[in-house]
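User: I am new to this structure. Please take one part and look at it closely.

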Amino acid sequence: GGFRPRNRNHLFAHAAEAPPPPGGAAPGKTRTIEGNIELMKSTDVLVRRGGVKRVSQLPGAVGDEDVIQALLGTLGSDTDAYCLREAVLSLGAVAPQGHEDLTGALCALMRRAGGSEAPDREALLAAINLVPSHFEFGNREAVGALVHVLGSGGDVAVKRACLQGLFAVADANDTKTTTDAGLARKLKNVASDTAEDVAVRRLAAELRQRIRGSKLMWKSTMSVAKMMGMAAIQRRAAEAVDNWGDQ
């Protein structure tokens, strides 16, 4: 069966025994992660891609702030499509839920949809798919970004992912979000558009029902409070109903 080295790792043995870099590696950090972060900063597209793709599989990478920041640094509009998608997927693997820099960067990425610096479709889809797992319920910034994508003319898969993201984070009782982001109006348009995909229309209609249900709840609260002379509650409910406007 041909020549086979006894120790197949002998080729890499010297690398493992290499002295630490000048100044020593950061405490508690493997040299692999440090080296990988350097690869991600490379001007060579292929080198950078490799660094971005591999980093999430390295021991100690999950939750590592340096890794997260290095990945966030590759989300700019000048990053090639493949690298952008891999960076989003790697961030999904290493960043904790509610990480502020990550949620901000993903929202910025989603808001580029439909514009001159629109991200690649796969990268956009990967970002939208992280909304349910990485954003806290009620996150207004995410709702606004998803409504933007929904209105930017994506395909069925993108719209469906947007609506699933909205189901996960949109708080139907948060009247400010549903009106400011134009969520209810957008859902109404999507649900009633006969040219739209059936599943997308059904999702939009369901989410719209949830919001309308919330509006009805506030209306009944208002009338009960009025009947019982609870002025403060009546005012709060009236304000909520007012916020809904005609949706």
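Which residues are buried in α5?

Analyst: First, the ground rules. This is a predicted model, where local features need pLDDT of at least 70 and side-chain atom pairs count only at pLDDT 80 or more, while totals for chains, interfaces and linings use all residues. Residues are numbered from 1 along each chain as its sequence is written, and side-chain values use heavy atoms, with hydrogens and water left out.

Now the setting. The protein chain has 14 helices and zero strands. Helices here are DSSP runs (H or I, at least four residues), strands are E runs of at least two, and both are numbered from the N terminus. Of the 247 residues in the protein chain, 40% are buried. Buried means under 20% relative accessible area, exposed means over 50%, and partly exposed lies in between (1.4 Å probe, protein chains only).

On to α5. This helix covers residues 81-94 and has 14 residues. From first C-alpha to last, α5 reaches 20 Å, close to the 20 Å expected at 1.5 Å a residue. The expected span is 1.5 Å times one less than the number of residues.

The buried residues of α5 are Cys83, Leu84, Glu86, Ala87, Val88, Ser90, Leu91, Gly92 and Val94. They pack against α3 (45-54), α4 (65-72), α6 (100-111), α7 (121-129) and α8 (131-134). Contact means heavy atoms within 4.5 Å.

Take cysteine 83. Its relative accessible area is 0%, so cysteine 83 counts as buried. Cysteine 162 is also buried, with a relative accessible area of 0%. The structure holds zero disulfides; a disulfide is a pair of cysteine sulfur atoms within 2.5 Å.

Arginine 48 counts as buried because its relative accessibility is 16%.

Last, the wider chain. Among contacts between residues at least 6 apart in sequence, 66% join residues at least 24 apart. The contacts of α5 with other helices, including α3 (45-54) and α8 (131-134), belong to its buried residues.
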